[in-house]
Amino acid sequence: MGLGLLRSSIRALFRYTQLGNEGYPIRNLYRLMYQKEIWSEAYARIYSNKGAITRGVNENTLDGFSSERVENIISKLTENKYKFTSARRTYITKRSSNKKRPLGIPTGDDKLVQEVARILLQRIYEPIFSDESHGFRPQRSGHTAIRQIHKQWTGIKWFAEFDIRGFFDNMEHSLLVELLEKKIDDKRFIKLIKCMLKAGYLEDFHYHPTYSGTPQGPSCAQAKGLEAEN
């Protein structure tokens, strides 16, 4: 890959960050997925997770990452022929209770496509997220939330804790897509997100369509247990 192409892609990513921050519509997002260096970044981000090589419904895992593999995925995306495979559904016991929560484990190629899409979406939405939001964001966690509370919430005497029951399982697809379309003016990229959401899952060798909700992947510790099972 030429240095000029690499610099061009980096400039495009920073431009999306700027546009997202200024409220302008984002166009040509899908075409940025053709750039190989973004796939290398996606692989580097997810392969360090112990769940990276956890098997989905087939033997397609993140093992065997190569330029040829990336070129094959990009070719399918370019021709609008990429098809998401149903995730493997399994269940993990919650640490806070004996209840089980579902996990969706995609194939290796699907994980790569999802991570590339996440990198692009992060560039758009990270600058406009609330500073009080700490979940599932880079350089943020429960610890950063505690530090912020300690420094800023000095006059607070009471806290109310609540959880949205089955949030990921019941997320409304049409609402999610509608929110994305408010900033992203790229029909091909939006269609790709829709296909991710509608891929369905396999449980006990039976296919189940997904009309709502998004699959939850395993954490490092959970993935280690899953690998032991398999």
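User: What is the basis of the values?

Analyst: This is a predicted model: local features need pLDDT of at least 70, side-chain atom pairs count only at pLDDT 80 or more, and totals for chains, interfaces and linings use all residues. Residues are numbered from 1 along each chain as its sequence is written, and side-chain values use heavy atoms, with hydrogens and water left out.

User: What makes S1 and S2 paired strands?

Analyst: Strands are DSSP runs of E with at least two residues, and helices are runs of H or I with at least four, numbered from the N terminus. Two strands pair if DSSP finds at least two bridges between them. Six bridges join S1 (residues 87–93) to S2. So they pair, by the cut-off of at least two bridges. They run antiparallel. Thr-93 has Lys-100 of S2 as its bridge partner, and Arg-88 stands opposite Ile-105 in S2.

User: How do you know that S1 and S3 pair?

Analyst: S1 and S3 (residues 201–203) share two bridges, in the parallel sense. Ala-87 stands opposite Tyr-201 in S3.

User: Why do S2 and S4 count as edges of the sheet?

Analyst: The open sheet has four strands in the order S2-S1-S3-S4, with mixed pairing. S2 (100–105) and S4 (206–208) each have a single partner strand, so one side of each lacks a neighbour in the sheet.

User: What makes the largest nonpolar core a core?

Analyst: A nonpolar core is a set of buried Ala, Val, Leu, Ile, Met, Phe, Trp, Tyr and Cys residues joined through side-chain atoms within 4.5 Å. Buried means under 20% relative accessible area, exposed over 50%, partly exposed in between (1.4 Å probe, protein chains only). The largest such set has 39 residues, and Val-113 is one of those with the most contacts inside it. H4 (108–125) is among the elements that give two or more residues. H4 gives the most, with nine residues.

User: Which residues does Val-113 touch?

Analyst: Contact means heavy atoms within 4.5 Å. Leaving out residues up to four places away in sequence, Val-113 touches Met-33, Trp-39, Ile-73, Tyr-82, Phe-84, Leu-192 and Met-196.

User: Why are H6 and H7 called roughly antiparallel?

Analyst: Axes are lines fitted to C-alpha atoms, for helices over the stretch in contact, and angles run from 0 to 180 degrees between N-to-C directions. Under 35 degrees counts as roughly parallel, over 145 as roughly antiparallel, 65 to 115 as roughly perpendicular, the rest as oblique. The axes of H6 and H7 cross at roughly 160° and come within 11 Å. H6 and H7 are therefore roughly antiparallel. The H6 side of the contact includes Leu-176 and Leu-180, and the H7 side includes Ile-190 and Ile-193.
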